[in-house]
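Trainee: I would like to learn how to read a few features from a model. Please show me the structure.

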Amino acid sequence: MSDRPIGRPSDPTAANLYDAIVGRSREVAPETAPRLRSITMPTIAEMRKFRGDTSGNLGPRACILAGTETVLDGGQAIYVWDQSSVAKDDGVNVVQVKGVTTGRWRLAMALAPQHAALLQTTVVANTGSGTFASHANAVVARIRIWASGGGGGGAKATAGSPQVNVGSGATAGDYLEVWTTTIPANWAFTLGNRGTGGTNLGGNGNAGADATVSDGVTTYTAKGGTGGTGDAASGTGAHITPGAAQPAVATGGNLNGSAAAGGDGIHLGSTQAKSGDGGANSLGGGAQGRATDGVGANATTPGTGGAGALVLGGVTGRVGGDGAVGVICVEEFG
């Protein structure tokens with residue numbers, strides 16, 4: 001009896017089905033495999049080495065990521081290649097391949113963590129510092145922080161005709177999101193105060209305070225929003241009061257959000273004036289600027305910025321609007 005493998009013909013010049021099957025089972029480099037539709041990568045660092053391709057000919061159309069820094073660290077996700085993107089690499093939503101100028105990996109879907117049963121959700125919405133107990137069976141947690149927003153700029157009443165001064169809007173607080181497998185017996189947190197509005201003498205708004213969460217090993221910090229710029233100008237000429245600059249971007253998270261900048265205060269004439277809007281965040285919009293004489297509006301969406309004040313033909317200065325207190329959310333899975 002012949003021990004020739006099934007599929008291998010006795011005629012050596014004939015088609016060799018067995019060897020063809022064996023050949024197909026070998027590992028194939030992406031660049032030599034036409035129309036690759038998907039591929040897997042262990043980490044973000046590894047994904048930065050391989051470009052994709054919308055057609056599927058030069059590389060994969062999509063990538064399944066096993067983790068952000070290590071496999072199953074909570075950063076599991078699906079990425080799709082965006083052929084025309086030149087967006088900035090933020091390590092989460094956008095990933096650039098080394099040496100590739102145009103084209104980016106774009107986050108399409110964050111996958112459920114390895115331990116997907118939600119055991120406990122703790123929300124901190126009041127300012128202060130403290131601790132809260134973790135769930136006894138938790139093995140992975142998602143921490144989300146929206147820091148407090150800044151206060152809007154005030155507007156001073158000064159001599160001049162027409163009398164117009166416009167405060168600018170404040171920024172929202174930074175956003176931070178991180179997955180951690182370090183579960184302490186007690187979580188420690190600090191949620192800082194909102195930024196108050198600038199004075200009626202045209203004072204700048206005050207910054208919102210930072211917010212932090214610690215898992216006992218690492219302290220994660222989101223920066224509070226910057227206060228808006230006050231306006232104490234003469235009031236006689238058209239001018240713009242620049243909106244508050246963005247604070248330093250939060251670091252250390254799987255997702256580090258940059259707070260939205262405050263809106264400009266604009267004076268183009270006695271009937272064309274508007275104070276600056278407060279910065280928004282992922283939870284919603286900041287306080288709206290005003291087109292009539294009055295104090296700046298206070299922010300109501302957690303972590304957003306206050307609006308600037310407006311003096312329009314009046315003789316009384318106006319204070320800027322307060323920012324809103326942020327919020328902390330810790331979800332534990334097991």
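Trainee: Which side chain does a polar contact join to that of Glu177?

Mentor: A polar contact is a pair of N or O atoms within 3.5 Å; within protein, one must be able to donate a hydrogen and the other to accept it, and residues adjacent in sequence count only if both atoms are side-chain atoms. Here the side chains of Glu177 and Tyr175 are joined at 2.6 Å. A caution: this is a predicted model, where local features need pLDDT of at least 70, side-chain atom pairs count only at pLDDT 80 or more, and totals for chains, interfaces and linings use all residues. Residues are numbered from 1 along each chain as its sequence is written, and side-chain values use heavy atoms, leaving out hydrogens and water.

Trainee: Is Glu177 buried or exposed?

Mentor: Buried means under 20% relative accessible area, exposed over 50%, partly exposed in between (1.4 Å probe, protein chains only). Glu177 counts as buried because its relative accessibility is 15%. Glu177 sits in strand β10, residues 175–180; strands are DSSP runs of E, at least two residues, numbered from the N terminus.

Trainee: Which strands pair with β11?

Mentor: Two strands pair if DSSP finds at least two bridges between them. β7 (residues 128–133) pairs with β11 antiparallel, over 6 bridges. β12 (residues 211–214) is also antiparallel to β11, with 4 bridges. Look at Phe189: Gly130 is its bridge partner, and so is Val213 in β12.

Trainee: Which residues form the covered face of β11?

Mentor: Trp187, Phe189 and Leu191 do, while Asn186, Ala188 and Thr190 make up the uncovered face.
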